[in-house]
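Subject: Handover of a structure and its findings

Dear colleague,

Please find below the structure that I am handing over to you. The findings follow directly after it.

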Amino acid sequence: MRKIYIFLLLFILLITACFFFLFNDNNYSSIDNTFSYKKTDSLTRIFLSDRKGNNINLEKKNHKWILNNKHSVRNDAIETLLSTISNVQIRRSVSNSEFNTVVKNLATYGVKVELYSNNKKPVKVYTVGGSTKDHLGTYMIMNGSKEPFVTHITGFNGFLYPRYGIQANELQISSWRDTKIFNIDAASIKSVGVFHANNPKSSFQIEIDTTSLDFSLLVKDYKGNQINYNKVNTINFLKNFTAINCEAFKNERRSLIDYKDPIHIISLHHLNGIDTLRLYSMQNDNNFNPEFNFNVERMYATLNNQELMLVQNYVFNKLLITISDLKN
């Protein structure tokens with residue numbers, strides 16, 4: 001009989017230990033994947049919305065991610081987001097002392113994340129909030145749940161909301177956009193014109209006969225007169241129109257009338273159309289308060305009279321050459 005009591009006691013202890021292991025607040029082995037979605041290759045749409053009415057709609061079309069049905073998405077931004085979606089895990093539960101504050105902040109400032117995989121119904125929906133006091137965790141809550149959690153990524157020391165494109169509880173649409181301005185192969189170029197407002201005589205026009213087997217070129221000065229040119233230098237210049245990026249898109253909606261006098265104009269006619277880039281001096285912009293390194297010289301720019309961009313001089317100096325750089 002004593003052996004039976006001992007056996008029953010051991011059995012009860014075993015059941016208690018199992019219960020404690022499975023339901024202890026510090027053990028999340030059964031719900032490690034609550035927020036994570038491992039099948040990121042199957043995702044076709046990611047929708048994010050903040051409490052200020054900003055929406056980010058990322059859709060995969062022909063193996064390429066598109067922002068709000070209009071712009072290409074930065075490769076590094078989407079790769080970081082997909083990695084976060086796949087690897088986010090629960091670090092711990094929210095303590096009783098912080099529970100009400102966390103829930104309130106998630107409801108007030110949280111950014112909703114919806115994941116879709118080839119259907120109208122999301123495969124996962126959750127809200128991303130702010131960071132913990134030690135900045136090593138991020139508050140999140142699943143859609144329909146009343147219990148928030150502190151999340152993290154194993155091996156990553158930091159909070160996660162910037163990886164979702166969130167800055168100060170707000171989505172920054174411009175931060176998702178591909179910053180590429182020109183990515184034109186030299187063989188696709190039909191003509192290039194570079195106009196320097198401060199020195200018109202240094203301007204030039206290059207015309208390319210793409211039907212010619214020897215890549216026939218015509219180089220003209222600002223009056224339209226043909227000049228003798230250095231073929232190597234001219235071809236090298238045409239090769240510079242690949243991988244030309246801006247630094248950032250300006251968030252504020254500023255009137256382009258403030259920049260009606262460009263200091264440089266680049267007109268590029270290629271197989272896919274015509275692009276006109278206008279570059280403006282920042283010298284007289286009293287409103288510019290950059291969060292950038294002042295040691296880097298910059299200009300404003302517009303492509304085809306669209307929104308204002310910030311560009312770095314050293315990126316564009318190779319395009320802003322003068323006619324003397326092409327002469328023999």
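In this predicted model, eight strands make up an open sheet in the order 15-14-13-18-19-20-21-17, with antiparallel pairing. Strand 15 and strand 17 (248–249) are the edge strands, as each of them pairs on one side only. Strands 14 and 15 run antiparallel and are joined by five bridges. Within this part of the sheet, Glu207 stands opposite Leu218 of strand 15. As a general point, the strands of a sheet pair through backbone hydrogen bonds, in either a parallel or an antiparallel manner.

Three strands of this region also bear on helix 4. The helix covers residues 231–238, and Thr234, Phe237 and Leu238 are buried in it. Seen down the helix axis, the buried residues of helix 4 fall within an arc of 100 degrees, and they therefore line one face of the helix. The cover over these buried residues includes strand 13 (189–196), strand 14 (204–209) and strand 15 (216–220). Where helix 4 starts, Asn230 brings a side-chain oxygen to within 3.1 Å of the backbone nitrogen of Val232.

I turn next to the aromatic residues. The model holds seven aromatic pairs. Phe35 has a relative accessible area of 1% and is buried, because the limit for a buried residue is under 20%. Tyr126 is likewise buried, with a relative accessible area of 0%.

Phe159 and Tyr161 form a stacked pair, because their ring centres are 4.9 Å apart and their planes stand at 15 degrees. Phe159 is partly exposed, at a relative accessible area of 26%. Phe35 and Tyr126 also belong to one aromatic cluster together with Phe149 and Tyr164.

Finally, two arginines lie over aromatic rings. Arg45 is placed over the face of Tyr116, at 4.6 Å from the ring centre. Arg163 is placed over the face of Phe156, at 4.8 Å from the ring centre.

Yours sincerely

Note on methods:
Residues numbered from 1 in each chain as written. Predicted model: local features only at pLDDT ≥ 70, side-chain atom pairs only at ≥ 80, totals over all residues. Heavy atoms only, no water. Buried < 20%, exposed > 50% of the residue type's maximum accessible area, 1.4 Å probe, protein only. Helix = DSSP H or I, 4+ residues; strand = E, 2+ residues; numbered from the N terminus. Arc of directions from axis to C-beta. Contact = heavy atoms within 4.5 Å. Polar contact = N/O pair within 3.5 Å; in protein donor to acceptor, adjacent residues only side chain to side chain. Phe/Tyr/Trp six-rings, centres within 6.5 Å; stacked < 30°, edge-to-face > 60°. Lys NZ or Arg CZ within 6 Å of the ring centre and 35° of its normal. Pairing = 2+ DSSP bridges.
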